Amino acid sequence: MFFRLLALVLIAFGGGVTVGGAITAFLTILKIVPRLVQITETWNRIKLYQGTIIVSFICSVIVYFSDLSLKLPKFAVAPIGLIYGIFVGLLSSSLAEVLNVIPVLSKKIKIKDSLKYTVWALLGGKVAGALIFWLFLK
């Protein structure tokens with residue numbers, strides 16, 4: 001029993017270190033925080049961004065692995081969903097910008113003149129996918 005518990009603790013610790021290292025490498029390599037600071041011109045708040053990221057990771061791990069359930073009324077769920085959607089949209093947009101997805105896509109499929117239609121198509125696809133997931137599949 002003791003060795004089984006010890007093995008589970010070691011496996012969980014190893015998995016946590018792996019995922020944490022991957023996320024840190026992802027954020028570091030893509031330079032998401034410096035790019036955010038550069039765009040928003042808020043160099044004096046970089047410690048706040050770093051602290052927010054660390055606290056957010058810790059809170060998300062606690063929420064993910066616990067049976068935490070918030071019994072919120074329906075009117076409170078809509079603003080939270082809106083804020084969550086804004087966060088995911090901004091994160092995916094920043095990743096697309098950092099990775100130069102749009103310029104590479106326009107160059108590959110040769111649509112320099114109609115780039116705005118590509119952006120609108122990506123936006124519509126993302127919204128449609130989210131609506132299908134949350135309204136029908138979830």
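This is a predicted model: local features need pLDDT of at least 70, side-chain atom pairs count only at pLDDT 80 or more; totals for chains, interfaces and linings use all residues.

Author: A residue counts as buried when its relative accessible area is under 20%. Leu30 has a relative accessible area of 14%, and it is therefore buried. Leu30 belongs to helix α1.

Reader: How far apart are Leu30 and Leu95 in sequence and in space?

Author: In sequence, 65 residues separate Leu30 from Leu95, while their C-alpha atoms are 8.0 Å apart in space.

Reader: Which class applies to Ile132 and which to Leu131, buried, partly exposed or exposed?

Author: The partly exposed class lies between the buried limit of under 20% and the exposed limit of over 50%. Ile132, in helix α6, has a relative accessible area of 43% and is partly exposed. Leu131 also lies in helix α6, and at 46% relative accessibility Leu131 counts as partly exposed.

Reader: What separations are found for the pairs Ile132 with Ser94 and Leu131 with Arg4?

Author: Ile132 and Ser94 are 38 residues apart along the sequence, with 23 Å between their C-alpha atoms. For Leu131 and Arg4 the separation is 127 residues in sequence and 43 Å in space, again C-alpha to C-alpha.

Reader: How does one judge the length of a helix, and what is the case for α1?

Author: One compares the end-to-end distance with the span expected at 1.5 Å a residue. Helix α1 covers residues 2-30, which is 29 residues. From its first C-alpha to its last, α1 reaches 42 Å, close to the expected 42 Å.

Reader: Where does Glu41 lie, and is Glu41 buried or exposed?

Author: Glu41 is in the loop between α2 and α3. Its relative accessibility is 66%, so Glu41 counts as exposed.

Reader: What angle do the axes of α2 and α3 make, and how is the angle to be read?

Author: Helix α2 (residues 32-40) and helix α3 (residues 46-65) have axes that come within 11 Å and cross at roughly 135°. Because an angle must be over 145 degrees to count as roughly antiparallel, α2 is oblique to α3. The crossing in which α2 passes α3 is right-handed.

Reader: Which residues make the contact between α2 and α3?

Author: From α2 come Val33, Leu36, Val37 and Thr40, and from α3 come Ile46, Tyr49 and Ile53. By type, the residues of this contact are six nonpolar, one polar and no charged. As to spacing in general, an α-helix has 3.6 residues a turn, so residues three or four places apart point the same way.

Reader: What angle and what axis distance describe the packing of α5 and α6?

Author: Helix α5 (residues 101-108) packs against helix α6 (residues 115-137) at an angle of about 120°, and their axes are 11 Å apart. The roughly perpendicular class ends at 115 degrees; α5 and α6 are therefore oblique to each other. Their crossing is right-handed.

Reader: Which residues of α5 and α6 meet?

Author: In α5, Ile102, Leu105 and Ser106 meet Leu115, Thr118, Val119 and Leu122 of α6. The residues of this contact comprise five nonpolar, two polar and no charged.

Definitions and conventions. Residues are numbered from 1 along each chain as its sequence is written. Side-chain values use heavy atoms; hydrogens and water are left out. Axes are lines fitted to C-alpha atoms, for helices over the stretch in contact, and angles run from 0 to 180 degrees between N-to-C directions. Helices (H or I, at least four residues) and strands (E, at least two) are DSSP runs, numbered from the N terminus. Angles under 35 degrees count as roughly parallel, over 145 as roughly antiparallel, 65 to 115 as roughly perpendicular and the rest as oblique. A crossing is left-handed if the near helix is turned anticlockwise from the far one by less than a right angle, and right-handed if clockwise. Contact means heavy atoms within 4.5 Å. Ala, Val, Leu, Ile, Met, Phe, Trp, Tyr, Cys and Pro count as nonpolar, Asp, Glu, Lys and Arg as charged, and the others, Gly among them, as polar. The expected span of a helix is 1.5 Å times one less than its number of residues. Buried means under 20% relative accessible area, exposed over 50%, partly exposed in between (1.4 Å probe, protein chains only).
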